[in-house]
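Please keep the structure open while reading.

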Amino acid sequence: VASVMAEENLSVVLHAPGDLRVEKRPIPEPGPNEVLLQMHSVGICGSDVHYWQHGRIGEYVVTKPMVLGHEASGRVVKVGSAVKHLEVGDRVAIEPGAPREMDEFFKNGRYNLSPTIFFCATPPDDGNLCRYYKHSANFCYKLPDNVTFEEGALIEPLSVGIHACRRAGVTLGSTVLICGAGPIGLVSLLVAKAMGASQVVITDMIPERLTMAKELGADFQLKVKSDDEPQHLAKSVEEQLGARPHVAIECSGVESSVQTAIYATRSGGVVALVGVGPQMVTVPLSNAALREVDIRGVFRYCNTWPMAIAMLASGKVNVKPLVTHRFPLEQAAQAFETTRQGLGIKVMLKCDQKDQKP
């Protein structure tokens, strides 16, 4: 612990839109049910970039300086007095959403919907893009030896895919349309295949992303343009599969894409909305209603970390190809710029000066 205190807690802090700083913060002291972690790998998410550029996402507004980052893993360096399942030296993946109270949502097992939940890097809560970070021990999960820190950090986006596929009811033999081949579209693809989807069609505007999707197991890739007619695209999906898909997972939030997802889905099927678009969206609701197409929202995830760790440890799912760029914590500005430009898939920041390995 003495060695911990000798170091500095370099943190990536957003002060205002466009004002991102790497600055020193105090090393926090864990409470009875918390652990102090030396952070290792933290992925940059589209939401981190959005806060940096705009200072808000919908109702969540940055009003005071906020540490960014929520896709993360690290090593336990200090353990709270009441913590039983973790000890110093354990490698853990962090679930960034930790409920603050035992409300009806927590009791129901849907704690992601708790209105008072703590969530890393969602105002006013600080994230974990720093050298030292404390977190609720119940939301830190021990990583098996054959799962790397980077894979541990990728459990966060992977969890969005797991939750989306669960909400959509993807199962053995399902045919699936995924709209958008960014990080979330790609993890949804990996999970859908692992859950037994027989055929997956994925759409995107960027050819490189579709190439990555093909490498990750997509059966069909459909390059779309912004002016494509949704009903026409739906027809193309049906032609590729030979029938309409049972499930559509919409990961872009773009209005025309949501329309495509509804038109494309088989009667009696499910559309899961993962991508966040504008407040108001025009969609063919009667079409969905008359064909009994269920439209389900997806908000983050819950109860996914144990399943994700099992998937990674068994080799059922391989997320390693998603990491295309790595930067030391000190070069956060460059890493954020790389993500903003849409280069590669996932940018990883390495927080431990002595260990920059995956």
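## Helix 7 and helix 8

Axes are lines fitted to C-alpha atoms, for helices over the stretch in contact, and angles between N-to-C directions run from 0 to 180 degrees. The model is predicted. In it, helix 7 spans residues 230-241 and helix 8 spans residues 255-264. Their axes come within 8 Å and cross at roughly 50 degrees. Angles under 35 degrees count as roughly parallel, and 65 to 115 as roughly perpendicular. Helix 7 and helix 8 are therefore oblique to each other.

The crossing of helix 7 past helix 8 is right-handed. Helix 7 contributes P230, Q231, L233 and A234 to the contact. Helix 8 contributes S256, Q259, T260, Y263 and A264. By class, the contact has five nonpolar and four polar residues, with no charged residues.

Three strands form an open sheet in the order 2-1-6, with antiparallel pairing. Strand 2 (19-25) and strand 6 (66-67) are at the edges. Each has a single partner strand, so one side of each lacks a neighbour in the sheet.

Strand 1 covers residues 9-16 and pairs with strand 6 in the antiparallel sense over two bridges. Here L14 stands opposite M66 of strand 6. Helix 2 (residues 46-54) lies across strand 1, strand 2 and strand 6. Helix 2 runs at about 50 degrees to strand 1.

## Annotated domain

An unreviewed UniProt entry places the feature "domain: Enoyl reductase (ER)" at residues 15-349. The end C-alpha atoms of residues 15-349 lie 19 Å apart. The span is 30% helix and 26% strand.

Key: Residues numbered from 1 in each chain as written. Predicted model: local features only at pLDDT ≥ 70, side-chain atom pairs only at ≥ 80, totals over all residues. Heavy atoms only, no water. UniProt positions renumbered as here; feature names shortened; annotations may be inferred. Helix = DSSP H or I, 4+ residues; strand = E, 2+ residues; numbered from the N terminus. Pairing = 2+ DSSP bridges. Contact = heavy atoms within 4.5 Å. Parallel < 35°, antiparallel > 145°, perpendicular 65-115°, else oblique. Left-handed = near helix turned anticlockwise from the far one by under 90°. Nonpolar A, V, L, I, M, F, W, Y, C, P; charged D, E, K, R; others polar.
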